[in-house]
Amino acid sequence: MMERIHAMVASAPTALERRAYRNAVDAAVRILDRLAVIEPDADTLRKCERALTQVEDALRSLPTLPEDVEAPAHAPGNPRFNPAERGLVPAFAIDAGDTGQLVGRVQFSPRFGGTASVHGGALSLFFDDALGMVANGSVTGGVARTAFLRIDYRSLAPLDVELHCRVWIEAVDGRKRFIRGELCHGDRLVAEAEGLWVAPRTR
Ligand SMILES: CCCCCCCC/C=C\CCCCCCCC(=O)SCCNC(=O)CCNC(=O)[C@H](O)C(C)(C)COP(=O)(O)OP(=O)(O)OC[C@H]1O[C@@H](n2cnc3c(N)ncnc32)[C@H](O)[C@@H]1OP(=O)(O)O
């Protein structure tokens, strides 16, 4: 038990560690964004690979978070919890929220590109996070998992451009939370999403 408590305390990052973590992830995703747009040059890329392998070696020298420690690993203060801080989803800015809806902006950088526009799966990833945030927010209270997520792709989503997003609670029925969302480029609808989040049984 003491070991477990120690592991829980040890895995909660300080503000300094969290900032350093975010800066390291930012540097890594800037590399992926750059790799998505460059004209490849074998010599330069071989040098990059060598330098990146050194970075990887440095990261391998660090201990990994214990797998069995649920609470701190998923606590809001832990960067492992937050997909945007890990570079998994594009960073988005929340302009308004907290009343069962959320209004914000998101910009998909080149690594999220399919061909010339945003990859459909990246849009789905974003919606899972944004709708999930409202499903797990202060109005509904507590944790819920995605049961289904349907995306309607209405028009191509441009890369590197600010898109506007709105997410709201459509209905709550017992453990079920039906959430909807939409993403627009200016006045143009880019995609719509609807999903169901189910809270765990209490007994
Ligand atoms: C510590 C505090 C935290 C607070 C956080 C606040 C800050 C938040 C900040 C940032 C949040 C970021 C948020 C990201 C969110 C992303 C979430 C994910 O991506 S989760 C990974 C992907 N999802 C899975 O892996 C689920 C896998 N599936 C399951 O675990 C189960 O199937 C589950 C839980 C979804 C349902 O299982 P059952 O056993 O609990 O419930 P049953 O009895 O089967 O269903 C309950 C009701 O739901 C309907 N239902 C279930 N699945 C359905 C479906 N696919 N379609 C339609 N209805 C469905 C059923 O028909 C039933 O309805 P009837 O009660 O009879 O009316």
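Into which domains is the protein chain divided? The assignment, which is automatic or taken from a database, gives domain 1 (2-71) and domain 2 (89-198). The structure is a predicted model, in which local features need pLDDT of at least 70, side-chain atom pairs count only at pLDDT 80 or more, and totals for chains, interfaces and linings use all residues. Residues are numbered from 1 along each chain as its sequence is written.

Contact between the domains, defined by C-beta atoms that are placed from the backbone and lie within 7 Å, takes 5 residues from domain 1 and 4 residues from domain 2. On the side of domain 1 that touches domain 2, 4 residues are nonpolar, none is polar and 1 is charged. In this classification Ala, Val, Leu, Ile, Met, Phe, Trp, Tyr, Cys and Pro count as nonpolar, Asp, Glu, Lys and Arg as charged, and the others, Gly among them, as polar.

Helices (H or I, at least four residues) and strands (E, at least two) are DSSP runs numbered from the N terminus. An open sheet of 6 strands has the order β1-β2-β4-β5-β6-β3, and its pairing is antiparallel; two strands pair if DSSP finds at least two bridges between them. Because β1 and β3 (145-153) stand at the edges with a single partner strand each, one side of each is left without a neighbour in the sheet. Neighbouring strands are turned by 25° against each other on average, direction ignored. Antiparallel pairing joins β3 and β6 over 8 bridges, and Phe148 stands opposite Leu196 in β6. Helix α5 lies across β1, β2, β3, β4, β5 and β6 and runs at about 130° to β3, with axes fitted to C-alpha atoms, for helices over the stretch in contact, and angles running from 0 to 180 degrees between N-to-C directions.

Residues up to four places away in sequence aside, Cys165 touches Phe92, Gly104, Arg105, Val106, Ala130, Gly181 and Leu183.

Asp98 is found in the loop between β1 (92-96) and β2. This residue counts as exposed because Asp98 has 11 C-beta neighbours inside 10 Å; the cut-offs within 10 Å are 20 or more other C-beta atoms for buried and 12 or fewer for exposed, with partly exposed in between. Asp98 and Gly137 are 39 residues apart in sequence and 7.3 Å apart in space, C-alpha to C-alpha.

Terms used:
Contact = placed C-beta atoms within 7 Å.
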